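Me: I'm new to this one. Can you walk me through it?
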Amino acid sequence: MSQKQLHSTEELNEFVAGAGKRLLFKHSTICPISTSAYEEFQSYLQGNDVPAAVILVREDRPVSNEVAERFGIKHESPQIFLLENGEVKWHTSHWKITKDAIEEALKA
């Protein structure tokens, strides 16, 4: 399952408005922790058919800030959110982002 890159709040709105479970990942391209978390995220996506999107926090800061404001969750990067019907059901950051953690969250 491929993922979208979100460059605008319109794209974010569209992604969040989608039905069912979806994953949103905030990625910092210059952070080694983020790179490691991103690999875990990709590894999860390879075996699973779940809509997913990525926000590059440095390149698309307004979109990244919008997520923090909209959901009232302090910005971190890397950071992952499990959305369901427009609401955050689960989120975590840094080293806690693993393929297994994502799998557990989606099963819950």
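Me: Let's start with Ile-102. Which residues is Ile-102 in contact with, leaving aside its neighbours within four places in sequence?
Reply: Leaving those neighbours aside, Ile-102 is in contact with Leu-23, Glu-40, Phe-41, Tyr-44, Ile-80, Trp-90 and Ile-97. Contact means heavy atoms within 4.5 Å. Keep in mind that this is a predicted model, where local features need pLDDT of at least 70, side-chain atom pairs count only at pLDDT 80 or more, and totals for chains, interfaces and linings use all residues. Residues are numbered from 1 along each chain as its sequence is written, and side-chain values use heavy atoms, with hydrogens and water left out.

Me: Which residues touch the most other members of the largest nonpolar core?
Reply: Leu-23, Phe-41 and Ile-102 do, in a core of 16 residues. A nonpolar core is a set of buried Ala, Val, Leu, Ile, Met, Phe, Trp, Tyr and Cys residues joined through side-chain atoms within 4.5 Å. Buried means under 20% relative accessible area, exposed means over 50%, and partly exposed is in between (1.4 Å probe, protein chains only).

Me: And which elements give two or more residues to this core?
Reply: Strand S2 (21–27), helix H2 (32–46), strand S3 (52–56), strand S4 (79–84) and helix H4 (99–107). H2 gives the most, with four residues. Helices (H or I, at least four residues) and strands (E, at least two) are DSSP runs, numbered from the N terminus.

Me: What does the second core include?
Reply: That separate core has 13 residues, among them Leu-24, Phe-71, Ile-73 and Leu-83.

Me: Let's zoom out. How many helices and strands are in the chain?
Reply: Four helices and five strands. From the N terminus on, they run β-α-β-α-β-α-β-β-α.

Me: What does the C-alpha trace span along its principal axes?
Reply: About 30 × 30 × 25 Å.

Me: How much of the chain do buried residues make up?
Reply: They make up 43% of the 108 residues. Among contacts between residues at least 6 apart in sequence, 65% join residues at least 24 apart.

Me: New topic. How many salt bridges does the structure hold?
Reply: Three. A salt bridge is a side-chain nitrogen of Lys or Arg within 4 Å of a carboxyl oxygen of Asp or Glu.

Me: Where do Glu-66 and Arg-70 lie?
Reply: Both lie in helix H3 (residues 61–71), four residues apart, about one turn of the helix. Glu-66 is partly exposed at 23% relative accessible area, and Arg-70 is partly exposed at 34%.

Me: What else is Arg-70 in contact with, beyond four places in sequence?
Reply: Leu-12, Asn-13 and Val-16.

Me: Which residue forms a salt bridge with Lys-89?
Reply: Glu-87 does, with the closest N and O atoms 3.6 Å apart. Lys-89 counts as partly exposed, at 48% relative accessibility.

Me: And Glu-104 and Lys-107, buried or exposed?
Reply: Both are exposed. They form a salt bridge, the closest N and O atoms being 3.8 Å apart. Both lie in helix H4, three residues apart, about one turn of the helix.
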